Amino acid sequence: MKKCLIILVYLFSNSGLLFSQEIKNSLGNNFVYPQFHENFSAEESWEIHKEAYKKQLKKNGLTDQEIDRKMVEYEKEKKLFLERINNQSEQAAIQRKEAELMRKKAEEQRKDAEILRAKAEQSRKEADVQRQKADDMRKQAEQARKESAVEREKAEEQRKQALVQRERAEKQRVEADVQRKKAEEMRIQAEEQRKKAEKLRNSFENILTRNIEVYAAATVVDPIRISVDKKTTLYFSINSRLKSGNMLVEIINPRGEKEAELSMENKPNSAETLNDEFTKFTNGSISKTIADTEAGDWQIRIFPEKAEGTVSISVARYIKPSSDE
């Protein structure tokens, strides 16, 4: 309330200054214009100063008639003064209301601004969090990109290796096809040979089977004789297993000529292999087919030299007549 009165007094003072200028022009130097106090209304202030004006006039030695005439002139200015004061009061009230509205709006705007500031602060914090997350995601993406590049290089290297392996596999497949064809050809040949061997085996009859034990003390082994009464084809198969010493086995025709031989020598093995049944023996064999053999006595001679072992002999002949019979 005091603030409003101060504003009103300020407005009155400004308007009173203008009004007093007009009064001074009309009333002269004896005019005392009203001074308003915040505790009085404009009407009360006017009355107070009117009484003061009368006293001033009396003090100046004016007669009652002159004072009444001055007061009439003074009263003429009251209406205009009050109208101005009322207008100014109304304007001040309007301005005060507008100021109050503006203050309320300003307060609301301040509150809204405070809310917006709080929201902006919250948004800033959330933006900082999002920025940090985005930065972390960027770092993770960069790490993933590097790892992906490494994996891509590995995949490229593996692809190249796979291509090389595929080329090798293709080459091996081609070679395998060639080998398969060769194997098929060999199988066909083996089948033909098997059939021939089967046919040949069925065409032979066994005429001698002998297993001979040779001892280290023996120096001579009686020759083995095979009597052939006509030309034929003979098949000799000799297998020997020598534990020690040396041995020579010969096939001799009826004219005393050597057709084939098997020579064996047993060499001492190291101490590590003495207990090995396979390595402490020397094995040897010979197979011989003699066509158009002469009739007569064939011999198989064995010459041991401090030899100890066994000799297995098998002789078969062709049972079909030869072409010149």
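Reader: Which side chains does Glu184 meet in a salt bridge, and how is such a contact defined?

Author: A salt bridge is a side-chain nitrogen of Lys or Arg within 4 Å of a carboxyl oxygen of Asp or Glu. In this structure the side chain of Glu184 pairs with that of Arg187, at 2.6 Å from N to O. This is a predicted model, in which local features need pLDDT of at least 70 and side-chain atom pairs count only at pLDDT 80 or more, while totals for chains, interfaces and linings use all residues. Side-chain values use heavy atoms, without hydrogens and water, and residues are numbered from 1 along each chain as its sequence is written.

Reader: Where do Glu184 and Arg187 lie?

Author: Helices (H or I, at least four residues) are DSSP runs, numbered from the N terminus. Both residues belong to helix 3 (residues 64-202), three residues apart, about one turn of the helix.

Reader: Is Glu184 buried, partly exposed or exposed?

Author: Buried means under 20% relative accessible area, exposed over 50%, and partly exposed in between (1.4 Å probe, protein chains only). Glu184 has a relative accessible area of 34% and is partly exposed; Arg187, at 46%, is also partly exposed.

Reader: How many salt bridges does the rule give?

Author: The count comes to 20 salt bridges. Glu47, Lys50 and Glu75 are linked in a network of them.

Methods
Helices (H or I, at least four residues) and strands (E, at least two) are DSSP runs, numbered from the N terminus.
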